Amino acid sequence: MTHRGHGGPGFGRVFGGFSSVPRKRMTRFILVSAITVFALFFFSNGVANMPREDRMEESIAELQSHLQFLDSLYRARQEDLIALQNKFMVHRGNGSQRHATPQLYDGTPTTLPPEISMIIKNYTGTKAVQGVRPKNIQQLRSPYVYQLMPHLMNSPFSLRPAYHLKSKRAFVDVVIGIPTVRRDKESYLLITLTHLIGGMSDADLAATLIVVFVGETNLEYVVHTARQIEITFPKHLESGLIEVLAPSPSYYPDFSTLEQTLGDSVKRVKWRTKQNLDAIYLMSYAQTKGTFYLMLEDDVIAKKNYMQYIKQFASATTVSTPQWFFLEFCHVGGIGKMFRSSDLVHFITYVQLFYKNMPIDWLLESYLADRVCTIDKTSKACGKSKSHIRPKYKTSLFQHIGLYSSLKGKIQKVRDSRFGAAPTYFPHVNPPVGVFRTDIVEQADHTLKRAYEGQTYFWGVKPKKGDMVEFWFEKPTAIKSFTFRSGNAEHSSDKFYDAVVEALPSGADNFSAVGEFDEFGLADGELPAGWAPLTAIRVRVNSDSFYWVILSEVRWHATSARSLYSGPDLEIELRTKAEESG
């Protein structure tokens, strides 16, 4: 009697029968159903109200986009089913190896051509013939996720969200993805959400899902962000318009081990790598939620009725250029890119290959080039080919408002004038300083003393090698960490380019280096544990500068120190103080 293995013959027949449903039949059924519904809707409006031909084409294009999305969901479920069936067949084969018959994944026996059967007969007993009828068939593994990002295997929870404020919405028209992180100075997330929600009609709000991805591993910060959203948008959170998502800490690799590429600093390499990982996490989650995916950032504003413009352009472009890969609704930076959700899996895989090599907007350009540019094409011809699959809307529907980048220290050059003037300095209440010294020639009222007292910023004429900016405390002061920010929004080039921070502990004879200025003119760091209170702290210039220099922020992170500036809630207070001080 033949041993049927675990599960019996009934389970095998049911399992094989279910998986044998042809994909074409399923797709045909969806297509016929959708066309039937569309036809009923069309004829129910009467001949007198027949839409114009171009509108009919756009409606069909919309329908095709929805069908592509549904087909991608079907393929994903089919992949899960095949994986489960292979697992079942391997398990079944292990239990009946003596009587195992080579089978295809759908449970049907393999039929060999007569000539192959003759070769097997002639080669009986050789190793070559063993490959035709293996005892254990191992499914090929696709080189995705774990192979391309091996650090994910360090934890079974690496791909499981650490926080997920879910929505019940599914199969919406557009999913808006907004990654956000803790910024250096200001948070623009609530401003962005206000503009996005306010710019949509009720119908658009009902057909949209906004996913806020908090790319932070500090759960306290994640929950605080979610609470701010809940307080500001209670109705929209309740309706399911907004979701909040955060990754597990094990989703990120050890950033200290990253190889420096493109000649960038370690700081920039870490930043762009994490930005890429955040982007594909958000894309991977969003691709099953809606027909289209709109990539934004957490510091943008939108034009009124932007969603209507987006949908109209998507429909018209799908008719004229059906092979488009993404649509551009902003001409600056990496925001305002809209994809078909069914296409995202290809780009996600591409980013997994090169996520450590270049920023996400560069990867987009590289992906487009790989799709349409050949080696013998000129750059001009390549650019023209790329423009065919990345159609641009006539104007920008989105604009950056953020002054401070998610890359700490970096100041954005694009800022919306409607949000007022950007602060040029950041005053703090610091421990008393008895003596201020500097070799740099001070400009007018922008002295080092006035800057330290929170009245203005320090502004000096071109620093020379060996110049110092020194702060001697009235008495030895315990300092945990420090921040020196050079340059400001009005004079972004006036910063320290090659300079170090040095500290003099009480009782010591010489200063010791404790930090240096990065490419953005920012120096911040912590003092070694166990250090004695400081007598002085200073900035030392290592090479001549072509530019003047500004110190827009000086802060000692001590227990007694209190900041006058702590984010957007005090922005008005800060600007008022700046205006009063001239």
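Predicted model: local features only at pLDDT ≥ 70, side-chain atom pairs only at ≥ 80, totals over all residues.
Salt bridges were examined first. Side chains of opposite charge can pair when their charged atoms come close. A search of the whole structure finds 16 salt bridges. One of them joins the side chains of Asp 204 and Lys 311, with an N to O distance of 3.3 Å. Asp 204 belongs to helix H6 (residues 202-206), and Lys 311 belongs to helix H10 (residues 306-320). The two residues are 107 apart in sequence, so the pair ties together separate parts of the chain. Asp 204 has 2% relative accessibility and therefore counts as buried. Lys 311, at 21%, counts as partly exposed. The cut-off for buried is under 20% relative accessible area.

A second salt bridge lies within a single helix. Lys 274 pairs with Asp 278, and their closest N and O atoms are 2.7 Å apart. Both residues sit in helix H9, four residues from each other, so about one helical turn separates them. An α-helix has 3.6 residues a turn, so residues three or four places apart point the same way. Asp 278 is buried, with a relative accessible area of 5%.

Arg 538 pairs with Glu 470, the closest N and O atoms being 3.4 Å apart. Arg 538 lies in strand E18 (residues 534-541), while Glu 470 lies in strand E13 (residues 468-477). The pair links distant parts of the chain, 68 residues apart. Arg 538 and Glu 470 are both buried. Salt bridges with shared partners also form a network. Its members are Glu 328, Lys 337, Glu 365, Lys 386, Arg 390 and Lys 392.

Attention then turned to Met 200. This residue is found in the loop between helix H5 (189-198) and H6. Met 200 is buried, with a relative accessible area of 8%. Leaving aside residues up to four places away in sequence, Met 200 touches Leu 205, Thr 208, Ile 210, Tyr 306 and Met 307. Met 200 and Tyr 306 are 106 residues apart in sequence. In space, their C-alpha atoms are 7.0 Å apart.

Helix H11 spans residues 344-354. Its buried residues are Leu 344, Phe 347, Ile 348, Tyr 350, Val 351 and Gln 352. These residues pack against two helices, H9 (266-286) and H12 (360-372). They also pack against two strands, E5 (290-295) and E8 (337-340). H9 is the helix that carries the Lys 274 and Asp 278 pair.

Rolling a probe the size of a water molecule over the atoms shows where empty space is left. The count comes to one cavity of 30 Å³ or more. The largest cavity has a volume of about 70 Å³. Its lining consists of 13 residues. Phe 426, Ala 451, Ser 552, Glu 553 and Val 554 lie nearest the centre of the cavity. Helix H14 (448-452) and strand E19 (549-557) are the elements that give two or more residues to this lining. E19 gives the most, with four residues. By type, the lining residues divide into seven nonpolar, five polar and one charged.

How values were computed
Residues numbered from 1 in each chain as written. Heavy atoms only, no water. Buried < 20%, exposed > 50% of the residue type's maximum accessible area, 1.4 Å probe, protein only. Contact = heavy atoms within 4.5 Å. 1 Å grid on protein atoms, 1.4 Å probe; cavity = no way out; pocket = protein on both sides within 12 Å on 5 of 7 lines; lining within 4 Å. Points joined across faces, edges and corners; volume = space filled by probe spheres on them. Nonpolar A, V, L, I, M, F, W, Y, C, P; charged D, E, K, R; others polar. Salt bridge = Lys/Arg side-chain N within 4 Å of Asp/Glu carboxyl O.
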